[in-house]
Amino acid sequence: MAKTEAVYARIDTNLKHKAEGVLSKLGISPSSAIQMLYSQIVLQQGMPFESKLPKRKPVALASLSQDELDAELLKGINSLKNGEAISADEVDLELSELYKS
């Protein structure tokens, strides 16, 4: 049998309970989940997922206040003035990549 060591970590109580609820439904113990994570870190020589800030989802215009709408429109005007505009085809391509179903 392989020699084992304990791993100690302090995490948010609510996060722990939510994660353990999901793991329980999957039939995976917290120890097994940590073992799986460490195995993937070794196999991939890094974190087994991208670690980056999420991109903002599009916002419905109706949900914006008049000041928020004005600020967004001003951003667009300024980008046009600065030559930062992109074509409608480029927008479609970017949105289809971001929100693939």
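Helix α2 (residues 30-44) has 15 residues, and its first and last C-alpha atoms lie 21 Å apart, close to the 21 Å expected at 1.5 Å a residue. The expected span is 1.5 Å times one less than the number of residues; helices are DSSP runs of H or I with at least four residues, numbered from the N terminus. Just after α2, Q45 has a positive phi of about 55°.

Helix α3 (residues 66-81) has 16 residues, which should span 22 Å, and this agrees with the 22 Å between its end C-alpha atoms. G83 follows α3 and has a positive phi, near 70°.

## Basis of the model

This is a predicted model, in which local features need pLDDT of at least 70 and side-chain atom pairs count only at pLDDT 80 or more, while totals for chains, interfaces and linings use all residues. Residues are numbered from 1 along each chain as its sequence is written, and side-chain values use heavy atoms, with hydrogens and water left out.

## Nonpolar patch

V7, I34, L37, Y38, M47 and F49 make a nonpolar surface patch of about 560 Å². Patch residues have over 30% relative accessible area and no salt bridge, with nonpolar side chains joined within 5 Å and like charges within 9 Å. Accessible areas come from the Shrake-Rupley method with a 1.4 Å probe. A salt bridge is a Lys or Arg side-chain nitrogen within 4 Å of an Asp or Glu carboxyl oxygen.

F49 sits in the loop between α2 and α3. Its relative accessibility is 47%, so F49 counts as partly exposed (buried is under 20%, exposed over 50%, partly exposed in between).

## Negative patch

D89, E90, D92 and E94 form a negative surface patch; Asp and Glu count as negative, with the charge placed at CG of Asp or CD of Glu. D89 lies in helix α4 (residues 88-98) and is exposed, at 62% relative accessible area.

Conventions
Helices (H or I, at least four residues) and strands (E, at least two) are DSSP runs, numbered from the N terminus. Buried means under 20% relative accessible area, exposed over 50%, partly exposed in between (1.4 Å probe, protein chains only).
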